[in-house]
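Subject: Structure for your review, with notes

Dear colleague,

I am handing over the structure below, followed by my notes on what was found in it. Please read the notes with the model open beside you.

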Amino acid sequence: MNEPPWLSSALANVRRMGARLPHALLIHGPPGWGAERVANALALDLMHLDSDRDARGVAHPDLRWLQPEDGIIKVDAVREIVEFLVQTPQAAGRKIAVIEDADRMNLNAANALLKSLEEPPRESFIALSTSAPEQLLPTVRSRCQEIRIRRGGSDDVRDWLIGAGVDLERAGFWAVEYGGAPFAIAMAAEQDRAPLWDSLEKAARSPAAARAIGEALRAEDLVDLLERWLRITHWLMRQMAVPGRMAVLDFASEVQDVRRAALVNTGLNRTMQLHRLLLLWAELWRHAPVPATPKLV
């Protein structure tokens, strides 16, 4: 997949650092606009690997890539990263750990990372990617040099998606649930992923349908699913008259409450909460019209 024009400045900044690369980089921008792609390019460059690879799946003794599990990055996973960084490089002469969606670190995990940021081992590097840098601990953020990703123009996005082979008609659904983020849209197309709207439309038909959809979605990352659902509800509010908007707004508040709980409460009964929201959704749509098909803008 070709690198899009909106990443050229951030990639150039990272490459210009060369031998002066700081121990810790914070790469941030809107979700789905490529912060993790910049981290990927950095990791591959430091490990002297081909630039077209996905570092997440690379088995390399001097590279680690950490992602959230069930929407959270826990302390044990970060401790493993810290331990990895103090070990002697085996092949590349340097080590790098990438923490994707670093804002998902819980408090204990963030505090565990601080030790490595305060006393960085030689020839070790950390790249944090996030779409919510304000949610990081100030002490973590202050110890990182920042690289910012900016949104691309609509023409650049459209041209890039066409070049990636994405069907623009179908992309309208993905554009809503992923907030117009081009990498998320392209990934959904590449994986032939059904838009979340398809499931929500079926769930709205009856309580029985809502329960069936809940079973079908129970394996999804709940935090990610709820974030996509929230974007859909915000889009719905823009399509509706004021009385209908209030009902959707109340539902969005319910979704937001469950999302917050899922981020901090590892004991949350996620399946039960998903079923409850889908039943509320079915009830909501008994009294509201289904809006027009979303289009890519």
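**Salt bridges**

A search of the whole structure finds 18 salt bridges, where a salt bridge is a side-chain nitrogen of Lys or Arg within 4 Å of a carboxyl oxygen of Asp or Glu. Please bear in mind that this is a predicted model, in which local features need pLDDT of at least 70 and side-chain atom pairs count only at pLDDT 80 or more, while totals for chains, interfaces and linings use all residues. Residues are numbered from 1 along each chain as its sequence is written, and side-chain values use heavy atoms, with hydrogens and water left out.

One of these salt bridges is formed by Arg 94 and Glu 123, whose closest N and O atoms are 3.9 Å apart. This pair links distant parts of the chain, since Arg 94 is in the loop between α3 (75–86) and β3 (95–100) and Glu 123 is in the loop between α4 (107–118) and β4 (124–130), 29 residues apart; helices (H or I, at least four residues) and strands (E, at least two) are DSSP runs, numbered from the N terminus. Arg 94 is partly exposed, with a relative accessible area of 23%, and Glu 123 is also partly exposed, at 36%; here buried means under 20% relative accessible area, exposed over 50%, and partly exposed in between, with a 1.4 Å probe and protein chains only.

In another salt bridge, Glu 146 meets Arg 141 with the closest N and O atoms 2.9 Å apart; Glu 146 is partly exposed at 35%, and Arg 141 is partly exposed at 28%. The side chains of Glu 215 and Arg 218 also form a salt bridge, at 3.0 Å from N to O, with Glu 215 partly exposed at 41% relative accessibility and Arg 218 partly exposed at 47%. Beyond such pairs, salt bridges that share partners join Asp 103, Arg 104, Glu 227 and Arg 259 into one network.

Leaving aside its neighbours within four places in sequence, Glu 227 is in contact (heavy atoms within 4.5 Å) with Arg 104 and Arg 259.

The helix itself is mostly covered, as 13 of the 18 residues of α11 are buried. The expected span of a helix is 1.5 Å times one less than its number of residues, so the 18 residues of α11 (residues 222–239) should span 26 Å, and this agrees with the 26 Å between its end C-alpha atoms. Asp 221 caps the N-terminal end of α11, with a side-chain oxygen 3.0 Å from the backbone nitrogen of Val 223; this is a polar contact, meaning a pair of N or O atoms within 3.5 Å, for which, within protein, one must be able to donate a hydrogen and the other to accept it, and residues adjacent in sequence count only if both atoms are side-chain atoms.

Leu 263 lies in helix α12 (residues 242–264). Apart from neighbours within four places in sequence, Leu 263 is in contact with Gly 71, Ile 72, Arg 104 and Val 223. Leu 263 and Leu 222 are 41 residues apart in sequence and 9.4 Å apart in space, C-alpha to C-alpha.

Strand β3 is mostly covered, with six of its six residues buried. Lys 95, Ala 97 and Ile 99 point one way from β3, whereas Ile 96, Val 98 and Glu 100 point the other way.

Strands β2 and β3 pair in the parallel sense over four bridges, a pairing being called when DSSP finds at least two bridges between two strands. In β3, Ala 97 is the bridge partner of Arg 64, and Ile 96 is the bridge partner of Leu 63. Six bridges join β3 to β4, and these strands also run parallel; in β4, the bridge partner of Val 98 is Ala 127. The chain crosses from β3 through α4 to β4 in a right-handed β-α-β crossover, which means that, with the strands pointing away from the viewer, the path from the first strand over the helix to the second runs clockwise. β2, α3 and β3 likewise make a right-handed β-α-β unit.

With best regards
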